[in-house]
Amino acid sequence: MPLYKYLTPENTLRVLDGSVRLTQPGAFNDPFEMVPELHVPEDFETKDISISFDVLAPRRQPSVGDLAVDFESDHCNDINSRNILSSLNKSIGILCLSKNELSLLMWSHYAGEYSGAVIEFDEEHEFFTGLFNIEYREHRPKKDISSYLSSELPIPIAELCVKPKDWEYEKEYRIVRNLSDCKPVGEYNGFPVYVMDIPLEAIKSVTLGERMPVAIQRDIWNKIKNTTISLNLAAIANWGYEFRKEPIKYNLPVSDMNPLISPRTAHIFSELENDFGEMARWMIKEHKLSSIANHTL
């Protein structure tokens, strides 16, 4: 199955330029991110907790160290989890993806209120080595801290990636990488921004948002017209609360197949001084005349 990423206009262009951000978990919008309750027994020796994590390993089945949902203790808290999270913020970055390409909420929350795009990635590409799904639970995880400290092997990061069922509609998948393998490029909202190079071969398609500015639509067209990346527009459907995909380009370079120009997408090509531009301008003109005629009737 494909993987999808909802992006703002600016970040869409960055990905098509070959760069994607891997975000520290503390910078995510969910304050419960990777912060389980930890049970620290009363006789636990006070010391600095040093835990090794593996960014590629899958979560263990069954999960190690989980306590019962109804487990209660005065020594259960998230203080140590927050300390671990602070450490992870300095060492790992996460790329969040989705199996859901039809979410109106994600279009609004992550794609600039429909002004961005959804990029479809090839799950089989080596870039996504270590891919794992988010586990959604009704109750916040409770773990015994000894399960972190007694393991001879590093703990899979995937085991920390548990979210409330409220987020289940996102159908989220992730890859995690060490920040030492990424490149710092600045700062945003108090966190350093780290990126990795991502090859265009890992991208299958781009779907433009209903509200994406025309200038950016043209930029995207110019970036992918000579590639095998397909291009669509998420146009509002005539019926129901949904979008219809209006194709602009199939998975062939423009030298092998002309773009598909419709009244809804003609503006992308209307400034070109070639056959595509001539066709687009004619289509826009005819569409306006038809709309005026229908309105008069």
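# Questions on a predicted model

Leaving aside neighbours within four places in sequence, Phe132 is in contact with Arg59, Ala158, Cys161, Tyr173, Arg174 and Val176. The model is a predicted one.

Reader: Is Phe132 buried or exposed?
Author: Phe132 lies in strand E8, residues 132-133. Its relative accessible area is 7%, and the cut-off for a buried residue is under 20%. Phe132 is therefore buried.

Reader: How many Å separate the C-alpha atoms of Phe132 and Ala117?
Author: Phe132 and Ala117 are 15 residues apart along the chain. Their C-alpha atoms are separated by 23 Å.

Reader: How many disulfides are there?
Author: A disulfide needs two cysteine sulfur atoms within 2.5 Å. For Cys96 the closest cysteine sulfur is in Cys161, at 8.1 Å, which is too far for a bond. The sulfur of Cys76 also has Cys161 as its closest cysteine, at 20 Å, again too far. By this rule, the number of disulfides is 0.

Reader: Which residue stands opposite Cys76?
Author: Cys76 counts as buried at 17% relative accessibility and belongs to strand E5. E5 pairs with E3 in the antiparallel sense over 2 bridges. The residue opposite Cys76 is His39.

Reader: How many of the 7 residues of E6 are buried?
Author: Ile92, Ile94, Cys96 and Ser98 point one way from E6, while Gly93, Leu95 and Leu97 point the other way, and all are buried. Cys96, for one, has 18% relative accessibility. E6 is largely enclosed by the rest of the structure, because the buried residues number 7 of the 7.

Reader: Which residue of E13 stands opposite Leu95?
Author: E6 and strand E13 (residues 172-178) run antiparallel and are joined by 7 bridges. Across from Leu95, the residue in E13 is Ile175.

Reader: Against which strands and helix do the buried residues of H2 pack?
Author: Helix H2 spans residues 79-89, and its buried residues are Asn80, Ser81, Ile84, Leu85, Leu88 and Asn89. These pack against strands E3 (37-39), E4 (53-54), E5 (76-77), E6 (92-98) and E15 (191-197), and against helix H4 (146-149).

Reader: Which residue forms a salt bridge with Asp78, and what parts does the pair tie together?
Author: The closest N and O atoms of the pair are 3.1 Å apart, inside the 4 Å cut-off for a salt bridge. Asp78 lies in the loop between E5 and H2 and its partner in the loop between strand E9 (135-137) and E10, so the pair ties together parts 62 residues apart in sequence.

Reader: Which residue meets Glu210 in a salt bridge?
Author: The two side chains meet at 2.7 Å, N to O. The pair links distant parts of the chain, with Glu210 in the loop between strand E16 (203-208) and helix H5 (214-224) and its partner in the loop between E18 and helix H6 (275-296), 54 residues apart. Glu210 is partly exposed at 24%. Its partner is Arg264.

Reader: How many salt bridges does the structure hold?
Author: Some are linked in a network, which takes in Arg59, Asp66, Glu135, Arg137 and Lys143. Another joins Glu271 and Arg218 at 3.2 Å, N to O. The structure holds 19 salt bridges.

Reader: Which residue is the bridge partner of Asn232 in E18?
Author: Asn232 lies in strand E17, which runs antiparallel to E18 and is joined to it by 6 bridges. Asn232 counts as buried at 10% relative accessibility. Its bridge partner is Pro247.

Reader: Which backbone oxygen atoms does the side chain of Lys249 reach?
Author: Lys249, in strand E18 (residues 243-249), is buried yet has no salt bridge, and the nearest side chain of opposite charge, Asp256, is 9.1 Å away. The side chain of Lys249 instead reaches one backbone oxygen at 2.8 Å and another at 2.5 Å. These belong to Thr227 and Ile229.

Note on methods: Residues are numbered from 1 along each chain as its sequence is written. This is a predicted model: local features need pLDDT of at least 70, side-chain atom pairs count only at pLDDT 80 or more; totals for chains, interfaces and linings use all residues. Side-chain values use heavy atoms; hydrogens and water are left out. Helices (H or I, at least four residues) and strands (E, at least two) are DSSP runs, numbered from the N terminus. Buried means under 20% relative accessible area, exposed over 50%, partly exposed in between (1.4 Å probe, protein chains only). Lys and Arg count as positive and Asp and Glu as negative; His and the chain ends are not counted. A polar contact is a pair of N or O atoms within 3.5 Å; within protein, one must be able to donate a hydrogen and the other to accept it, and residues adjacent in sequence count only if both atoms are side-chain atoms. Contact means heavy atoms within 4.5 Å. Two strands pair if DSSP finds at least two bridges between them.
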